[in-house]
Amino acid sequence: MERLFITDVAPRDGLQNQPVLVGLDTKLTLIDRLVAAGVESIEATSFVSPKAVPQMADAGELIPRVRTQHPGLRASALVPNMKGLERAHAAGAEEIAVVLSATEIMNLKNINMGLAQATDVSEQTVREAIRLGLRTRAYVAVAFDCPFEGPTSLDAVHTCVARMAEAGAQEIVIADTIGSASPGAVSERLTALLRDLPADRLAVHFHDTRGMAVANAWAALQAGIRRFDASVGGIGGCPFAPGAAGNLATEDLVLMAEASGYTTGISLDSLLDIIDFAETALQRPLGGRSVAWQRKQRSKIAS
Ligand code: COA
Ligand code: ZN
């Protein structure tokens with residue numbers, strides 16, 4: 001069976017927008033549980049301004065703990081600029097992700113730089129991270145639509161992808177930041193991007209705002225993509241992109257993969273336990289579209 005590679009982004013993309021401030025121990029427990037469930041790649045935190053994102057203020061403490069507890073884990077840290085990279089490197093991070101939005105205004109809202117400057121800074125950050133021996137991911141955000149500028153042109157996405165590829169980013173993540181993509185658009189955009197880059201350098205990142213995230217993941221899979229971001233329980237949302245709801249839920253993606261003859265290495269049963277844990281921590285109901293059914297199945301088997 002063919003394997004899909006999933007990066008669980010709940011500890012960063014998932015938690016960054018939660019109204020409840022989550023403590024370091026809870027974050028570490030979430031990561032421990034994801035690793036125990038079979039997740040091999042996690043977006044653990046971000047080294048951003050603590051004023052912009054208070055939830056990620058403990059990144060410098062979290063990374064060393066994760067490195068000690070899970071030496072084999074791919075634990076990525078999002079960095080918006082060189083200062084973020086310096087902080088991540090000092091904390092012992094082995095993988096970073098830069099975030100370049102494909103439109104002017106989204107960059108301004110997110111990292112206070114226009115598109116041209118954000119492209120240069122992302123490029124420099126990737127090059128410096130590679131020089132330091134780190135693994136690199138580059139998000140191309142709002143790759144379908146921008147909450148401020150409307151539809152994003154494929155040309156703009158192409159340019160961002162090409163610049164990040166030239167800089168040497170190992171994995172370029174095409175992100176539907178506000179969850180507005182459709183399977184048709186995903187298929188068209190990824191088919192075009194795959195003409196220039198091999199599938200193992202591209203990943204996709206979907207949000208489930210319109211209930212189409214699983215369908216979009218399937219369209220990406222059909223186009224040849226094997227690397228997916230997802231978030232356990234569908235936890236997520238971007239504080240700087242109005243309308244961005246939760247991420248594609250890891251449990252929905254894993255169920256879709258298994259039902260279609262792919263493996264992920266991730267245990268659905270363990271994911272359900274993590275959702276229970278996260279619901280207590282975040283004090284709200286969580287779970288992807290398939291969770292009600294998955295829970296029912298589990299209680300049937302138990303009884
Ligand atoms: N980590 C921590 N602090 C940082 C930082 C980083 N990566 N980059 C800059 N800062 C600090 C500066 O040292 C300065 O601190 P001071 O006020 O104590 O002197 C302050 O932030 C302002 O610096 P400046 O370079 O002018 O930044 P800015 O105000 O233009 O903000 C970002 C730019 C990138 C730091 C900020 O917009 C940010 O952190 N955005 C992250 C958004 C995010 O996480 N989005 C989700 C990802 S999709
Ligand atoms: Zn996201």
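Ligand 1 sits in the largest pocket. By "sits" I mean that more than half of its atoms lie within 2 Å of the pocket's grid points; a pocket is an open set of points, on a 1 Å grid over the protein atoms alone, where a 1.4 Å probe fits, with protein on both sides within 12 Å along at least five of seven lines.

Please note that this is a predicted model, in which local features need pLDDT of at least 70 and side-chain atom pairs count only at pLDDT 80 or more, while totals for chains, interfaces and linings use all residues. Residues are numbered from 1 along each chain as its sequence is written, ligands are numbered from 1 in the order in which they are written, and side-chain values use heavy atoms, without hydrogens or water.

Around ligand 1 there are 18 residues, of which S49, K83, R87, N110 and N112 come nearest; the criterion is a heavy atom within 4 Å. Helix α4 (82-91) contributes three residues, the largest share of this shell.

Which side chain places an N or O atom 2.9 Å from a nitrogen atom of ligand 1? That side chain belongs to N81.

I turn now to the metal. The zinc ion, ligand 2, is coordinated by D13 (OD), H205 (NE2) and H207 (NE2), at 2.0 to 2.1 Å. D13 in helix α1 and H205 in strand β10 are 192 residues apart, and the pair links distant parts of the chain. Donors here are N, O and S atoms within 2.8 Å of the metal (3.2 Å for Na, K and Ca); water is not among the atoms, so the site may look incomplete.

Notes
A polar contact is a pair of N or O atoms within 3.5 Å; within protein, one must be able to donate a hydrogen and the other to accept it, and residues adjacent in sequence count only if both atoms are side-chain atoms. On a 1 Å grid over the protein atoms alone, a cavity is a set of points where a 1.4 Å probe fits but cannot get out, and a pocket is an open set with protein on both sides within 12 Å along at least five of seven lines; lining residues have an atom within 4 Å of a point. Helices (H or I, at least four residues) and strands (E, at least two) are DSSP runs, numbered from the N terminus.
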